[in-house]
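Welcome, and thanks for taking a look at this one with me.

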Amino acid sequence: MAAAAAGLSWRRVSSFTGPVPRSRHGHRAVAIRELLIIFGGGNEGIADELHVYNTVTNQWFLPAVRGDIPPGCAAHGFVCDGTRILVFGGMVEYGRYSNDLYELQASRWLWKKVKPQAPSNGSPPCPRLGHSFSLYGNKCYLFGGLANESEDSNNNVPRYLNDFYELELQHGSGVVGWSIPVTKGILPSPRESHTAIVYCRKDVGSPKMYIFGGMCGCRLNDLWELDIETMTWSRPETKGTVPLPRSLHTANVIGNKMYVFGGWVPQSAGGEISAHDGEWKCTGSFSYLNLDTTEWIGLISDCQEDKSNSFPGPRAGHCAVAVGTRLYIWSGRDGYRKAWNNQVCCKDLWYLDTEKPLAPSQVQLIRATTNSFQLKWDEVPTVEGYLLQLHADSPVPPMAGIPVTGVPETSVLSSQGSGCSLHQSPQPLPSIPYPELKVDHPSQTNNLIPNNVQVPLSSNSLLKVEGKEKVAAPENKITQETMKNHTDATGFKESNAPSLLPVCTSSSQTSANVGELHDLDKQTVNPDASVSSTISSTQTMVTQQAVKTESSSTNGAVVKDETSLTTFNSKSEAAETAYVTPSTRVSTGQTNDSHSSKTPQRPTAPVKARDRRWYDVGIFKNNSAVVSQFYLLPEETLNISNKTGGADVPDYRLLKKQDLFPGTVYRFRVAAINGCGVGPFSKISEFKTCIPGFPGAPSTVKITKSVDCIHLSWEPPPSPSGNILEYSAYLAIRSTQLQENPSQLVFMRIYCGLKTSCIVTAAQLSNAHVDYTSRPAIVFRISAKNERGYGPATQVRWLQGKVLKCSF
């Protein structure tokens, strides 16, 4: 167990803003995307506020709730179904319990009291506290709890319950009613302050509910299983060491594991169940049950809990919430005796990453210059940074040595104070102007986190990811977004058509109306405003550049009648051979609150054919980067794949940097980092730096829909490099070649001329190919030509929604 605990990397959140709720116990919490929503609980009175914590911005706020606002309660049922939350029962005053049911529509912060029908075969649930309330599908399952036998709330006569109810929910809002299922097997014994979770194995489709522990005059540590399809109760056999009997603990499912933390356990050693008047204490022990193998694994034992401040201290009646694969724990009662007047409530917020993060999306290109790329990738939830790597088509010579001191003068310190930028000069690169669409682009100053300079990855202030502001967009706005597939260089048969290496770009900001939470990729709620319920089309401005190649090759080009066509082959991931990627450690330093952070493991410098090696661009706190250089490893570390053990990542400050070259193809991959280490790398993206003298890509592309056509317009390139002679616009169309190879796109030129706009007719759109690499979209490309030829093309995707609508 000690070895297992050493592998954990709990982080205490030490930097947050907003009105922090007072500490308490008996509260409940759920997660909606990145938001933790906390309600109820008691400490010097029962709390009735609804508190929300944004795990991305580290911000607490009190939403402006309205409607049938429920009274404060403790030890209640609290479940989340999409963007609605259901609250059932709980203690509303000392000795007075509730059986009321409330619904909160979190998209509008609107409370509503709901009145379910009584069961046809019995009475509705009586008032209670300490029950379990679990959601699966469109039903909530209520089990057990504690009732007061006395009608006088001052004369509390406890009665432990083991009744079992189903609550059927209506879609979207409201409930149908209670029912009492007919079950088989032996019902679990009466109890309160237990936990219940629902889990469905991937290979076996039958969902199971597991009940663990609780209180019935003494603490319990029995495990019960209910097969929800057959409604059969059983006692599964388990392996490993069963946790001590406990109540007021928490249980959360992440993956195939049920994580059990804290609670009240017997004071006596040896794990024996104490008598109901025996001594008991709070615990900080931590275990999980593998739900596929029913094996218990201990992570933090009772004897370890008081000897370290690197994980949450003993507590009971706390809340624990899973956000993705991250487990959050907040507040709870701390104390060694059950006397009410001796309780002390914790004020701390902790989180634990339970698994390595998923692979990010492919790296996307916002813009390219002759010696730099502005890149982005999709955010991965609950991560602390990103490792970006590249390799070039041409082998990079190894460095015989490394400089003895300092960062090269070509690096400049970030004005945001969070790392070093990778610009070649202290002046930031100008951003592409998109004033009409009010699109904000990533900061041109890199968010690089140099390791070995005592900048901890676990620092919440350092790694805070600002939420994206959502702005209302007009109805029926045409939308565009990033294309995520990357293709090989090919050309056109016509001499005036550009030879292109298509690569991805995107804007960094999405302007969208704040609709219901489940309709948003990311939701950040203004603490001073409620969430709008209106759902509008989103408007996203994206530019995608296809960079001119040095070759005049016309691979795969097709000419049909007088219209030019070209095909673009997507690069298969299978073409990239397997890499040898041994692990090394990333040194992250110490957190500000003296809790040591885990040193994440990451793959390094793979070796493959043609002397290709991956080089670190750096570790970044956010999902964007401006890349003009990368780090060169010393010669002795290049063949690191031959080492059997891990090695420390080199001190980036002592490594030389290699500038990017014009007209060179670079491949990029990115991996996310959390407390468990570095996750898998993304698929590989391939971009080419621009060749001097050619015009840049057209900018500020707009698409306006008319009755029988669409208007496509753009602005000249910011850097024309001479006089613009003409523009060409292309439309991706359906073709038999595309059917044979779905990874190919076939483009038809629909305009050539000096104007910066054109009309796309309904007849042309009827032949358009709908690209499904992300959301359904029609793809356009626009490029400019000067005396040297065509430059990179801007690519836009016109979103079509779930069903294509381009009839007029």
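1. First, a term: a cavity is a set of grid points where a 1.4 Å probe fits but cannot get out, and its lining residues have an atom within 4 Å of a point. Please keep in mind that this is a predicted model.

2. With that in hand, the structure holds 7 cavities of 30 Å³ or more. The largest cavity contains about 60 Å³ of space.

3. Who lines the largest cavity? You will find Pro70, Pro71, Cys73, Val87, Phe88, Gly89, Val92, Ser98, Asp100 and Tyr102 around it. By type, this lining comprises 7 nonpolar, 2 polar and 1 charged residues.

4. Two strands, β8 (84-93) and β9 (96-105), each bring at least two residues to that lining. The most comes from β8, which gives 4 residues.

5. Now please turn to strand β29 (residues 349-353). Of its 5 residues, 5 are buried, so the strand is largely enclosed by the rest of the structure. In a regular strand the side chains alternate between the two faces of the sheet. Both faces of β29 are covered, with Leu349, Tyr351 and Asp353 buried on one side and Trp350 and Leu352 buried on the other.

6. Which strands pair with β29? Strand β1 (residues 10-12) pairs with β29 in the antiparallel sense over 3 bridges, and Arg12 has Trp350 as its bridge partner there. Strand β26 (residues 326-330) also pairs with β29 in the antiparallel sense, over 5 bridges, and Tyr328 stands opposite Tyr351.

Key:
Residues are numbered from 1 along each chain as its sequence is written. This is a predicted model: local features need pLDDT of at least 70, side-chain atom pairs count only at pLDDT 80 or more; totals for chains, interfaces and linings use all residues. Side-chain values use heavy atoms; hydrogens and water are left out. On a 1 Å grid over the protein atoms alone, a cavity is a set of points where a 1.4 Å probe fits but cannot get out, and a pocket is an open set with protein on both sides within 12 Å along at least five of seven lines; lining residues have an atom within 4 Å of a point. Grid points are joined across faces, edges and corners, and a volume is the space filled by probe spheres set on the points. Ala, Val, Leu, Ile, Met, Phe, Trp, Tyr, Cys and Pro count as nonpolar, Asp, Glu, Lys and Arg as charged, and the others, Gly among them, as polar. Buried means under 20% relative accessible area, exposed over 50%, partly exposed in between (1.4 Å probe, protein chains only). Two strands pair if DSSP finds at least two bridges between them.
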